[in-house]
Amino acid sequence: MKKPRTAKPTLPVAKSPRQTEEKRYNRQSWRNPRYGLRAALLVRNPICQKLTDGIQCHTPATVVHHLISPLDQPAAFWLPVNLCCLCVRCHPGGARGTKWTAGVDFVPTNFEFSFSPKPEDAHV
Ligand SMILES: [Zn+2]
């Protein structure tokens with residue numbers, strides 16, 4: 001006779017802030033190359049925004065950096081004013097947020113989103 005499979009009892013595990021943050025980075029609304037926020041910002045800020053002595057880095061941006069770590073302010077994860085596009089060399093990887101000022105430490109982030117409705121969607 002076959003022994004019935006028994007599910008192992010599991011206890012609910014509280015998610016750490018870092019686990020929650022990692023889930024956000026994996027969401028399509030962040031990482032999708034066509035419509036994710038990350039891609040939308042890199043299209044609008046294709047050159048690294050880091051300023052050094054008032055001169056902008058000229059390397060293509062590939063990283064979107066959170067100025068305030070989502071670990072410290074989870075709600076700031078999606079705020080474009082909290083994001084800047086950097087090259088790998090300028091990205092302070094591992095740093096938990098940076099105290100950078102727009103216009104001093106980095107070129108202000110362009111996050112204007114245009115929307116052009118299809119003619120059939122336009123309400124006259
Ligand atoms: Zn750079």
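This is a predicted model: local features need pLDDT of at least 70, side-chain atom pairs count only at pLDDT 80 or more; totals for chains, interfaces and linings use all residues.
Trainee: Where does Asp53 lie?

Mentor: Asp53 sits in the loop that runs between strand 1 (51-52) and strand 2 (55-56). Although Asp53 is not a glycine, its phi is positive, at about 55 degrees.

Trainee: Is Asp53 buried or exposed?

Mentor: Burial is a count of other C-beta atoms within 10 Å of the residue's own, with C-beta atoms placed from the backbone: 20 or more is buried, 12 or fewer is exposed, and in between is partly exposed. Asp53 is exposed, because it has 4 other C-beta atoms within 10 Å.

Trainee: What percentage of the residues in the protein chain do buried residues make up?

Mentor: Of the 124 residues in the protein chain, 14% are buried.

Trainee: Which residues make up the largest nonpolar core?

Mentor: A nonpolar core is a set of buried Ala, Val, Leu, Ile, Met, Phe, Trp, Tyr and Cys residues joined through C-beta atoms within 7 Å. The largest one holds 10 residues: Leu41, Cys48, Ala61, Val64, Leu67, Leu83, Cys84, Cys85, Leu86 and Phe106. Strand 4 (residues 83-86) gives the largest share of this core, with 4 residues.

Trainee: Which way do the residues of strand 4 point?

Mentor: In a regular strand, side chains alternate between the two faces of the sheet. In strand 4, Leu83 and Cys85 point one way and Cys84 and Leu86 point the other way; all are buried.

Trainee: In which sense do strand 3 and strand 4 pair?

Mentor: Strands pair if DSSP finds at least two bridges between them. Strand 3 (residues 63-66) and strand 4 are antiparallel, with 4 bridges. Within this pairing, Val63 is opposite Leu86 of strand 4.

Trainee: Which residues does Phe106 touch, not counting those up to four places away in sequence?

Mentor: A contact requires C-beta atoms, placed from the backbone, within 7 Å of each other. With residues up to four places away in sequence left out, Phe106 touches Gln49, Lys50, Leu51, Cys84 and Trp100. Across the protein chain, 58% of the contacts between residues at least 6 apart in sequence join residues at least 24 apart.

Trainee: Where is Gly97 found?

Mentor: Gly97 belongs to the segment after strand 4. Gly97 is partly exposed, because 17 other C-beta atoms lie within 10 Å. Its C-alpha atom is 4.5 Å from that of Ile68, which is 29 residues away along the chain. Outside four places in sequence, Gly97 contacts His66, Leu67, Ile68, Ser69 and Asp72.

Trainee: What does Arg96 touch, not counting residues up to four places away in sequence?

Mentor: Arg96, also in the segment after strand 4, touches Ser69 and Leu71 when residues up to four places away in sequence are not counted. Arg96 and Asp72 are 24 residues apart in sequence, and their C-alpha atoms are 8.4 Å apart. Arg96 is exposed, because it has 11 other C-beta atoms within 10 Å.

Trainee: Is Val81 buried or exposed?

Mentor: Val81 is exposed, because it has 12 other C-beta atoms within 10 Å. Val81 lies in the loop between strand 3 and strand 4. From C-alpha to C-alpha, Val81 and Thr109 are 6.9 Å apart in space, and they are 28 residues apart in sequence.

Note on methods. Residues are numbered from 1 along each chain as its sequence is written. Helices (H or I, at least four residues) and strands (E, at least two) are DSSP runs, numbered from the N terminus. Two residues are in contact if their C-beta atoms, placed from the backbone, lie within 7 Å.
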